[in-house]
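Open the model in your viewer and keep the selection tool at hand.

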Amino acid sequence: MLLSSFVCLLALAIFLGNLLVALYAVLTVGLMLLATSGVLFAAAGFNFGATEAVSLTFLIGVSVEFCIFVVQGFQQSRQFDRESRVKEMLTHLGVSIAFAAITTSGSCFFMFFTDFHVLYKFAVVVYVHTLFA
């Protein structure tokens, strides 16, 4: 997971052109993964196995998707103060981000009813993480 986080940081730094913003995005992704892990392992009683390891690595990519929308919208804003930039970003991208979260969560819906335990666990992991993302 550290390797994928490093690759994520490197890619964000290159594409955003700002190492500090890339560090904040990776930190945000890490905190989302930490919150997801806390809910799954402490509250829901999941054991850390192969499904969870693959799922958490997969979630780095899903998390970056949401973060990159926010960061890019903030950076491309033509406003000068932070509050106005956030308002403009949310006005232009808030609906897109919300619907991306809804479709990601919705894709898990059918896996909740499967008898295949691996798919069920994967659906729970993705759904819980999308709530935090």
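This is a predicted model: local features need pLDDT of at least 70, side-chain atom pairs count only at pLDDT 80 or more; totals for chains, interfaces and linings use all residues.

Residues are numbered from 1 along each chain as its sequence is written, and side-chain values use heavy atoms, without hydrogens and water.

**Helix pair**

Select H1 (residues 2-16) and H3 (residues 50-75). Helices here are DSSP runs of H or I, at least four residues, numbered from the N terminus. The axes of H1 and H3 come within 11 Å and cross at roughly 20 degrees. H1 and H3 are therefore roughly parallel (an angle under 35 degrees). Now show side chains. Ser4, Ser5, Cys8, Leu12 and Leu16 in H1 meet Thr57, Ile60, Val64, Ile68, Val71 and Gln75 in H3 (contact means heavy atoms within 4.5 Å). Seven of these residues are nonpolar, four are polar and none is charged.

**Glu52**

Stay in H3 and select Glu52. Is Glu52 buried or exposed? Glu52 is buried, at 2% relative accessibility (buried means under 20% relative accessible area, exposed over 50%, with a 1.4 Å probe and protein chains only). Its side chain reaches the backbone nitrogen of Gly49 at 2.8 Å. Leaving out residues up to four places away in sequence, Glu52 touches Phe41, Phe46, Asn47 and Lys121.

**Thr103**

Move to H4 (residues 82-108) and pick Thr103. Thr103 is exposed, with a relative accessible area of 53%. A polar atom of the Thr103 side chain lies 3.0 Å from the backbone oxygen of Ala100. Last, draw a C-alpha to C-alpha distance from Thr103 to Cys67: 16 Å in space, 36 residues in sequence.

Key. Axes are lines fitted to C-alpha atoms, for helices over the stretch in contact, and angles run from 0 to 180 degrees between N-to-C directions. Helices (H or I, at least four residues) and strands (E, at least two) are DSSP runs, numbered from the N terminus. Angles under 35 degrees count as roughly parallel, over 145 as roughly antiparallel, 65 to 115 as roughly perpendicular and the rest as oblique. Ala, Val, Leu, Ile, Met, Phe, Trp, Tyr, Cys and Pro count as nonpolar, Asp, Glu, Lys and Arg as charged, and the others, Gly among them, as polar. A polar contact is a pair of N or O atoms within 3.5 Å; within protein, one must be able to donate a hydrogen and the other to accept it, and residues adjacent in sequence count only if both atoms are side-chain atoms.
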